[in-house]
Amino acid sequence: MRIARKLTAAAAAAAMVAGVSVLGAGTASAASYRCTTSTKSIDHPGSTINDNFNFKVKMCAKREGGYIYAKAYVSVDGPWNFAGQSPVNEARALIQVKRSISGPDPVSKYTYGTGLGGKLNNLDAYGNTSYTSPTVKHKAGSGSRYLGDSVLQIDWSNDGKGRKSYSFSGSPTV
């Protein structure tokens, strides 16, 4: 009888430890963002000097608690000679949650992130800056797959052409 109690207690303890481990692993993986990084070198159209801006956009999405979350991380390696100048009139990031289907992915929800223009107009002494977009939150449909997508919209100074859109790679589907 004493042996049976010890075995039962040991089995209960093992089950509890296994249950906690399984729950812990599920929670950690559900909260992880899935990301794709893409780059683009953009020539400042209103300037004739060394003026390429190298953008690196890390687009991320995750599914958690019945919602889809998407956000972008932007790093800019601009020309050092633009430090202390204003290379843009305005700039913003369009962050989208899209439903993944065959053909063009429809936009489910989006937001415009402000502050990108201020970052581009305040480059450090090396011509660099970074920006993190706001997070878009969308209620997920059952059985649907989603992804995050981003477009940088920039109105370059001294070119007279208004806002131009630059698309970057979307996140993996979640």
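The sections below take these topics in turn.

## Basis

This is a predicted model, in which local features need pLDDT of at least 70 and side-chain atom pairs count only at pLDDT 80 or more, while totals for chains, interfaces and linings use all residues. Residues are numbered from 1 along each chain as its sequence is written, and side-chain values use heavy atoms, with hydrogens and water left out.

## Aromatic pairs

Rings of Phe, Tyr and Trp (its six-membered ring) pair if their centres lie within 6.5 Å; planes under 30 degrees apart count as stacked, over 60 as edge-to-face and the rest as tilted. By this rule there are 3 aromatic pairs. In one, phenylalanine 53 and tryptophan 156 have ring centres 5.2 Å apart and planes at 55°, so the pair is tilted. Both phenylalanine 53 and tryptophan 156 are buried (under 20% relative accessible area, with exposed over 50% and partly exposed in between; 1.4 Å probe, protein chains only). Phe53, Phe82 and Trp156 form one aromatic cluster.

## Charges over rings

A charge sits over a ring if NZ of Lys or CZ of Arg is within 6 Å of the ring centre and within 35 degrees of the ring normal. Lysine 40 lies over the face of phenylalanine 168, 5.2 Å from the ring centre. Arginine 92 lies over the face of tyrosine 112, at 3.8 Å; tyrosine 112 is partly exposed, at 35% relative accessibility.

## Serine 171

Serine 171 counts as buried, at 7% relative accessibility. Beyond its neighbours within four places in sequence, serine 171 is in contact (heavy atoms within 4.5 Å) with residues including Arg34, Met59 and Gly148.
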